[in-house]
Amino acid sequence: MAEDETSSLLSSPKGKGSDRDTHEPVESTPLLSGDSASPGYDGDGDSASLRSHHSHAPSTHSTGKKKSRRWPSVIAMVLLGCVAIAIIILAFIVPDAVQEYAQQAAVIEPTSLSIDSITPDGVRARVQANFQLDGSRVKNDHVRRIGRASTWVANKLASEKAKIDVYVPDYDNILLGSADIPPLVVGLRDGITTYFDFIADIRPGNVEGMRMIANDWLDGRLDKLRLNGKTDLSLKSGLIPLGTHPISETLIFEANKIPAIPKYNITRFNVKDGPLAGSMLVDISLSAFNEYPVQLDIPELAFDIMVSGCADTDPFIIVAEASTGEIHVEPMSDVSANVYGVIHELPASLTRACPDSSSSPLDMFLKQYMHGEPATLFVRGSSLPDGDTPKWIADILASVTVPVPFPGRTLDGLIRDFSLTDVHFTLPDPFADPDDPAASPKVSGNILVTASIPADMNFGINVTNVRATADVIYKKKKMGELNLRKWQHANSTRVEGEGSDGPSLKIQSRIIEAPLNITDSDVFSDVVQALLFGSKPIQLDVQALVDVKVETSLGELILKEVPADGKIPVKPLPHGAIDGLDPKIGTIRVIDTSLDSITLQALVNVTNPTPYTASVPFINVHVVVNNSIVGDGTIQNVDIRSGNNTDLLVSATWNPTKEGPHSRKVGRDLISQYLSGFNTSITVKPHLNTIPGQPILCKALSRFNATFPVPRLKLPGDENGNNSHFIRDASFHFLSSTATFTLVSPLQFNTLYLDFVNATALYNHTEPIGQILYDLPFAAPPGKSETPRLPVEWSIGSVGYDAVRRAIGGQLKLDAHAFVNARLGNWKESLWYLGSGIGASVHLT
């Protein structure tokens, strides 16, 4: 092998390979050749070698002339063309293709964002994410091939430390914030995942700009948010620096893609009296689900809790100061927070009625809350934050006011028990104006309400006054409206619950003349019918909005329109209550007469067998006999108590002629029967104008009537329990053929006249004694009176006549049938009379 290695240097070429060996040196061929294996240090050796090389040059050049000229030229031309094409591709085509490839293939998956610490000017955030280029996401095959090749060659891309500024172009390009990003290295080859885990320093920007953006978002005016990030990024690939490049990227977030305030649940809510006078303490626990891969610890923060004023332009009203404990937020998990609040004495602006309104801001807030609707609280960072809170956090929180829905609470089931006792009814005043409460029926009584107290309200409360408007419902149908406009005094007592029962509040109040407006006559008729003829208590449902004055440690508050539902049991009238009225007529005075009518007044005694009382300003009813109206009765300004009621003034008008001849005959017969001692009855029936101005109530009452026996009048000389006839006794004068009668008039102030008499006296009910025809008027004054001597035409030969003759100087019992024309003032009527058992004295003269 030594010989082969030195053969080309020490010997001349031989054989076939001489040309190849001479012109195609191998790896062992020395770079400088000579005649001797050892170099010469006197200069001769080099000269000889050079000369020897040059002496062979012509021969060598001549031999490979044609081949050496062809290949270098081709290679040079190919290389030059490739470079030119590469320059064109890299300069004009590849950058755009690589950029498009990177935009479509990049996949960034944030896995965690946590706050490492809070600094005086921002936060140190730990960012964890995965990055890779997924070529399958690129739709263009050409772009995908170039991108994959380019990124495979580059392999990795490194960035120097960079500062990113984020601006908001639509808000005067304000600076939203800045972040310092440490050096990063990204793997560029397709499918290779780079795991990021670095700390970034984040600093807030323009606080006023943040406030404007936040307010627009909260008010629903932010359709989209356009952010522009800018940085100068220094890049390199391996050891090759790629220079510093200004980068500006714009991102647009649609409003529905911007993270919203998370939904939360109130897991604990407790209110109690504070240690200082005029204060309350509030303890709330909240829970919410964090659906983002974000982890941080929120320090203790202080807030102002506010409600809106009367108008949207009014400043918010601070009602409480609140603070939170430290909150630990874990990714994709529930987050719990404790909030502690202090309510001091309520400001006057909170409880003062708004202009052109009877409601205050507190009224409007509580109305939403108590009707189960979300009431809105406004939360703002405290203007006096805790000393440990960094200023930049305090500035941001104090600049933004966030509306927070406070879940309402329906008060269904609040009323455990509702009773109404000592009920007193007042009928409408027909002379009151329609808008006057006196124009409606009114109810008075003692109310006892037992109301549940939510277990989380552990503060002292005392109800001092109540007023309400309520719907009165019977069998799911509204009967009327109860309107208690005036404040009614009340008092309350807290009662602690036993077992599983929570605490309750017993409220007592005496309501006085609460107007009851009947809205459905049919339903009211059903109620009256159930009370008159039913045997079981009925249930009236009451759905009320109650205004309550309460005394608390914060002072006196008025809770308006508190919804309350209850049931009022109403006992029916005792069996036979109508008959139990037992009316009795005392004195009667005729105050007016006409040709066909009599107007009179009477003092009446009645018994009220029910537990209810009533005041009657005015009521008018028809007096009906055999379905014919013969008159009407009126009661005015009468108070009816339970039990006996004496000397009730009743006005009545007798006018059967008004309804026609038939009614006049019915009325004539009624008077005749009554005078004759028959058992008679009248029906009292309300009508459509029973209470003027109350058509609905009258329509309902007109469906009912009550029938009473006509009270017997107490005549002068009657003993208790014994009612005699109007003809007390009679005297017959046999020889003069005359008779006189002792009459007893029930009228104490008026004189009755008899203008015509046609009477027949009977013995033993059927045997005529004689007949009296007399057409001269005579008077029957008040009390007992005697008629003039009336001529008698004897029935000679009759059994009756013989009986009279035998009874001369003695007495006998006889009956009488008579037709008389009576006159009272201007009123005249023809009546008939049937009397029996009349004691008659027979005189000879």
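Tutor: Strand 13 (301-307) and strand 14 (317-324) run antiparallel and are joined by seven bridges, where strands (E, at least two residues) and helices (H or I, at least four residues) are DSSP runs numbered from the N terminus, and two strands pair if DSSP finds at least two bridges between them. Within this pairing, V307 has I317 of strand 14 as its bridge partner. This is a predicted model, in which local features need pLDDT of at least 70 and side-chain atom pairs count only at pLDDT 80 or more, while totals for chains, interfaces and linings use all residues. Residues are numbered from 1 along each chain as its sequence is written, and side-chain values use heavy atoms, with hydrogens and water left out.

The two strands belong to an open sheet of eight strands with mixed pairing, in the order 18-17-13-14-16-11-10-21. Strand 18 (401-406) and strand 21 (457-458) are its edges, and because each has a single partner strand, one side of each has no neighbour in the sheet.

Contact here means heavy atoms within 4.5 Å, and the angles, from 0 to 180 degrees, are taken between the N-to-C directions of axes fitted to C-alpha atoms, for helices over the stretch in contact.

The loop between strand 13 and strand 14 holds C310, and the loop between helix 7 (348-351) and helix 8 (361-370) holds C354, so the bond between these cysteines ties together parts that are 44 residues apart in sequence. This is the one disulfide of the structure, a disulfide being a pair of cysteine sulfur atoms within 2.5 Å; the S to S distance from C310 to C354 is 2.0 Å, and the link is left-handed, with -85° about the S-S bond. C310 is partly exposed at 32% relative accessible area, while C354 is buried at 8%; with a 1.4 Å probe and protein chains only, buried means under 20%, exposed over 50%, and partly exposed in between.

Further along, T469 is placed in strand 22 (residues 462-474) and is partly exposed at 38% relative accessibility. Leaving aside neighbours within four places in sequence, T469 is in contact with L482, N483, Q543, A544 and L545.

The whole structure also contains ten aromatic pairs, in which rings of Phe, Tyr and Trp (its six-membered ring) have centres within 6.5 Å, with planes under 30 degrees apart called stacked, over 60 edge-to-face and the rest tilted. Y774 and F778 form a tilted pair, because their centres are 6.1 Å apart and their planes lie at 55°; Y774 is buried at 15% and F778 is buried at 6%.
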